[in-house]
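Student: Could you help me learn to read a structure like this one? I would like to go feature by feature.

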Amino acid sequence: AMAEAADFDRPELADRLLRKAETAIRARTSRILCVIERCTDEHNYSAVIRSCEALGVQHIWLVDPVEVSYDGVDDGLVDDDDGVDDDGVDADRARERAGGLLKSHGHGSAWREAHKLFARRANEFTTIREFPTTRACVEALREAGYVIWATDLSQKAICMTHDALRDAGFGDPNDPTATVVPEKLAIVFGTESVGCTREILESADARVYLPLRGFADSLNLSVAAALCIQTLFHLCPEAVGAMSDDERAELREKWFTQLAMNRVTTRGQDRDLRDKRTRLTRVRKKLLKAETAPRADPNPNGVGGRVADLAFEETQLCDAIRAMEETRRVAANRAIQPYLANPPAPLRDMRRPDEHREAYVGKGVRAKNAEHWAGMPAVGNHASVRNHTKKMFEGVTGEP
């Protein structure tokens, strides 16, 4: 019973965070690759990438949406400004500019750039590669040796079942039980409105579809992607964890460093970095507003002068944040070296225990639903285990 308990996630588990990461690393696959072609909805971007990560697909390739002018058209995009720096100060700056331009001008290039920048934020635990055109993506897939399956609703598509795919020529003709999923498979999902482009459909080795049994003849892009990928794992269980040792070692170093970076610093250092990021966000908002304001005159006290002052302050804050992040990265990398040499044992089950479940909602939402959510584990207001996991790396920075 004690051995079984040690295989489950618990707040007090030794090396808990790295054991969870090791569990995910060992289940990651490079055998299945997901391609999202010309997606035009950032919520679908996020949902597909999140589904891939949750199901264990490491590689996601994105074909940029085409540049289309939407002057005077409200395309419904929302600037995702949460003040959190996920990719570094340069990507944050570009993202805010794209979002601001999108709102103020609404032209195609800013709209396209906003989607690209949104997608880049989602690569914390996935490997994302972007392509400007479908042709470039197809050429890269061929060069990497991937078989291409394009999702399609036409009557030319093959049903994603073992028998239908086997009848279409996939699998071992001499072994009816052999998997029908190729050794390296790229499955492509097209844009929300019209699906995969003709170029993808003509380049694909097969068109496939998920069998539906109702009047609805299509699914939301993110739902379809999740169901199709899960179906692939049902068709090919051996795809789970299908990754080379070298790639797994690269992921281990990247993820362990990433997780340690938030835990090697003191509370004071955390607060200082957080304050600087907050100041940087405010400066960038002011700068964006000044840059898009009418320039009546170039005098130092006018718009031009304000832009120069804000740009200078932005540069100073960026330099300071980079220096702090580099210090943190070096300390984190030093802290995880023993774990790279001797990786921790994986967990059998990564589900959180009730005492560590958490509803990731704002205080206002939590307060409004307090009566309805009473007694539910996710809103039990349990203490965070961050300080417990932080103890793993105490003393690494050499500061009290």
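Student: Which residues make the nonpolar surface patch?

Tutor: Leu212, Leu219, Val223 and Leu227 make a patch of about 290 Å². Patches take residues with over 30% relative accessible area and no salt bridge; nonpolar side chains (Val, Leu, Ile, Met, Phe, Trp, Tyr) are joined within 5 Å. Areas come from the Shrake-Rupley method with a 1.4 Å probe, and for residues only the protein chains shown count as cover. Leu227 lies in helix 9 (residues 221-235) and is partly exposed at 39% relative accessible area. This is a predicted model, in which local features need pLDDT of at least 70 and side-chain atom pairs pLDDT 80 or more, while totals for chains, interfaces and linings use all residues. Residues are numbered from 1 along each chain as its sequence is written, and side-chain values use heavy atoms, without hydrogens and water.

Student: Which residues of helix 6 are buried?

Tutor: First, the general idea: an α-helix has 3.6 residues a turn, so residues three or four places apart point the same way. In helix 6 (residues 134-143), the buried ones are Thr134, Cys137, Val138, Ala140 and Leu141. Viewed down the helix axis they fall within an arc of 165°, so they line one face; the arc is that of the directions from the axis to the C-beta atoms. The face turned away from the buried side carries the exposed Arg135 and Glu143. Buried means under 20% relative accessible area, exposed over 50%, and partly exposed in between (1.4 Å probe, protein chains only). Helices (H or I, at least four residues) and strands (E, at least two) are DSSP runs, numbered from the N terminus.

Student: What is the order of the strands in the sheet?

Tutor: Strands of a sheet pair through backbone hydrogen bonds, either parallel or antiparallel. Here an open sheet of 7 strands has the order 3-2-1-6-4-7-5, with parallel pairing. Strand 3 and strand 5 (158-159) are at the edges with a single partner each, so one side of each has no neighbour in the sheet. Two strands pair if DSSP finds at least two bridges between them; strand 1 and strand 2 have 4 bridges.

Student: How many salt bridges are there?

Tutor: Side chains of opposite charge can pair when their charged atoms come close. A salt bridge is a side-chain nitrogen of Lys or Arg within 4 Å of a carboxyl oxygen of Asp or Glu, and the count is 19. One of them joins Arg252 and Glu22 at 2.8 Å, N to O. That pair links helix 10 (residues 245-261) with helix 2 (residues 16-27), 230 residues apart. Glu22 is buried, at 0% relative accessibility.

Technical notes
Patch = residues over 30% accessible without salt bridge, like charges linked within 9 Å, V, L, I, M, F, W, Y side chains within 5 Å.
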